Amino acid sequence: MDSFPAYFPLTGRKVVIAGSGDGADNKARLFEGSPATLVRIDGHAAFLPGSYAGAILAFISSDDEVFVQAAAAAARAARVLVNVVDKPALCDFNTPAVIDRGEVVAAVGTGGSAPVLATMLRNDIEVQVPEGAGRVAALLRKFQDEVRKTLPAMHERRAFLRDAAAGEAAQAAMSGDMETAGRLFREALAKGSARKGRVRFIAGKGPSDLLTLRAVRALSAADALVFDADVDPQILTMARRDVERISPDEASADRLIQLAGEGRQVVRLITGPVEPALVQALTSAGVAVEVLLSAPAT
């Protein structure tokens, strides 16, 4: 990862665009409908650090190299991060191709090296992000404190939110009926997380593109991950970075039964055959077990 992606909150923040022309206009359009205060400057004002005071970001666009250098120096003197249009070497940050769904924002960046490619990838991803996704995020944010209070255990909270994000409340929010969405969400929260723990065995030898969609989803939803030393590294990247990692030596039947009993979703990545004795011990203890093999190669 050559560039670290980060999101800057815009409520109550100031963004400055220095210069004119298509480049400056394009940057200004990025902030249409945002809560940021957008300030546009040109000429001598762009050379004064005070013009950037209090800003969180500054964008500079001009064909005049002297203007660009002077404006960038002034913005940095005001301790503001700078993006110079079409000049990656002069930038403190690069602008990605953005998918804007209100409170859901997805971005594709190439570190400024291939903006056309970023735009093409953005177009591919955009069709997968529904228009109402931002309303679902707003619903979850509204109840964030209540969810944390009701479900203090991280794995229970995560399981509940995972279900809620695809449940009736989310569907109501997606359609724009936020009142119904709120009522349904409260009803679901009152019931709490009823998800049962499960242990899924997934073939981890690779290659990663042979994993089934079900296996990929199981990896992304895992609360705990156990994997053999020779598992394909690309498969490991499909799990969340904060997933609890447990060594095979620690993953006894008793430990897996305990995790499942706590409602956790456990993934056991294997590069050999499934151990019948382990599966028998889990099922005898009432733990749901699923074996997800790779898709056949073609």
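This is a predicted model: local features need pLDDT of at least 70, side-chain atom pairs count only at pLDDT 80 or more; totals for chains, interfaces and linings use all residues.
Colleague: What volume does the largest pocket have?

Modeller: The volume of the largest pocket is about 1,700 Å³.

Colleague: Which elements give two or more residues to the lining?

Modeller: Those elements are the helices α1 (22-29) and α3 (115-126), together with the strands β3 (55-61), β4 (81-84), β5 (97-101) and β6 (104-108).

Colleague: And which of them gives the most?

Modeller: That is α3, which gives 4 residues to the lining of the largest pocket.

Colleague: How does the lining divide into nonpolar, polar and charged residues?

Modeller: The lining of the largest pocket comprises 25 nonpolar, 16 polar and 7 charged residues.

Colleague: Changing topic to α11 and α12: at what angle do they pack, and how far apart are their axes?

Modeller: Helix α11 (residues 253-261) packs against helix α12 (residues 276-284) at about 40°, and the axes are 10 Å apart. The two helices are therefore oblique to each other.

Colleague: Is that crossing left-handed or right-handed?

Modeller: The crossing of α11 and α12 is right-handed.

Colleague: Which residues meet there?

Modeller: From α11, A253, L256 and I257 meet L278, A281 and L282 of α12. By class, this contact has 6 nonpolar residues, with no polar and no charged ones.

Key
Residues are numbered from 1 along each chain as its sequence is written. Side-chain values use heavy atoms; hydrogens and water are left out. Axes are lines fitted to C-alpha atoms, for helices over the stretch in contact, and angles run from 0 to 180 degrees between N-to-C directions. Angles under 35 degrees count as roughly parallel, over 145 as roughly antiparallel, 65 to 115 as roughly perpendicular and the rest as oblique. A crossing is left-handed if the near helix is turned anticlockwise from the far one by less than a right angle, and right-handed if clockwise. Contact means heavy atoms within 4.5 Å. Ala, Val, Leu, Ile, Met, Phe, Trp, Tyr, Cys and Pro count as nonpolar, Asp, Glu, Lys and Arg as charged, and the others, Gly among them, as polar. On a 1 Å grid over the protein atoms alone, a cavity is a set of points where a 1.4 Å probe fits but cannot get out, and a pocket is an open set with protein on both sides within 12 Å along at least five of seven lines; lining residues have an atom within 4 Å of a point. Grid points are joined across faces, edges and corners, and a volume is the space filled by probe spheres set on the points.
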